[in-house]
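Colleague: I would like to go through some of the labels used for this structure. Please give the value behind each one.

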Amino acid sequence: MHTEHPSPPPVPQRAAFATTRWSLVLAAGQRSSPAADDALATLCQTYWYPLYAFARRRGCAPEDAADLTQGFFVSLIDKGFLRTADQQRGRFRSFLLTVFKRFLSHEHERQQTQKRGGGRTLFSIDVAVGEQRYQYEPTDDWTPEKIYERRWALTLLDDVMLRLEAEYQQKGKADLFAQCKIYLTASTRAPAHAEVADKLSMTPAAIRVAVHRLRQRYKELLQEAVAQTIGPEESITEEITRLRLAVRGGGAK
């Protein structure tokens, strides 16, 4: 049983659905492709924090964790690590953590005479923002691996929610989404359908139908997102279970 933690500040929203797709990973690994830079930037902006949190839990100071994370993404280009990523081998989150661990080990061994990454940066890490988010991480016996898995899972779930919200906004149903999204994540705390119906000038029956459709679409988007981060032989259902366990601290192996 883990202690409840206060809710962290909201994560800055991205302009588009950015959950890592294997096709995006492969594009980032093809340096001759015009889309490679955009693909790599998306990877950096999406997944810098899970890696930053991992480095912090390993004992790195905030500035060092940011420096290492930036240097790692530079190394993905310079050393061609992304070209070795193979969807047939399984989950991308496992591949990324394995490569990051190797990078940290190498950085620990060598004496540096210049800034990691040769002074190059692909994106900016706001250490203050990173630390603001990090202070809400569990402080008990969570290992760096558990922190990474938890943050990976939350990043994916956040992106699915953002994509769902964008769909409802495009349909002119932003208010409906805002009032009903609590039914996706809450149980006993969710308001009665009649209460939401009054706010939206709808009937309770219409709200029940809307919530059902919202849940169905959320499930579809979640399955799609997960399918794009695992290998072809892996189970979407099992991966979703792993990710939910990771959020609660049960691990995602």
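Colleague: What makes the contact between the side chains of Glu220 and Arg217 a salt bridge?

Modeller: This is a predicted model. In it, the N to O distance between the side chains of Glu220 and Arg217 is 3.0 Å. The cut-off is within 4 Å, so the pair counts as a salt bridge. Both residues lie in helix α10, 3 residues apart, which is about one turn of the helix.

Colleague: Why is Glu220 called partly exposed?

Modeller: Glu220 has a relative accessible area of 39%. Buried means under 20% and exposed means over 50%, so Glu220 falls in between. Arg217, at 25%, is partly exposed by that rule too.

Colleague: How do you know that Arg56 is buried?

Modeller: Its relative accessible area is 16%, and the limit for buried is under 20%, so Arg56 qualifies. Arg56 forms a salt bridge with Glu131, with the closest N and O atoms 2.8 Å apart. That pair links distant parts of the chain: Glu131 is in helix α5 and Arg56 in helix α2, 75 residues apart. Glu131, at 22% relative accessibility, is partly exposed.

Note on methods:
Residues are numbered from 1 along each chain as its sequence is written. This is a predicted model: local features need pLDDT of at least 70, side-chain atom pairs count only at pLDDT 80 or more; totals for chains, interfaces and linings use all residues. Side-chain values use heavy atoms; hydrogens and water are left out. Helices (H or I, at least four residues) and strands (E, at least two) are DSSP runs, numbered from the N terminus. Buried means under 20% relative accessible area, exposed over 50%, partly exposed in between (1.4 Å probe, protein chains only).
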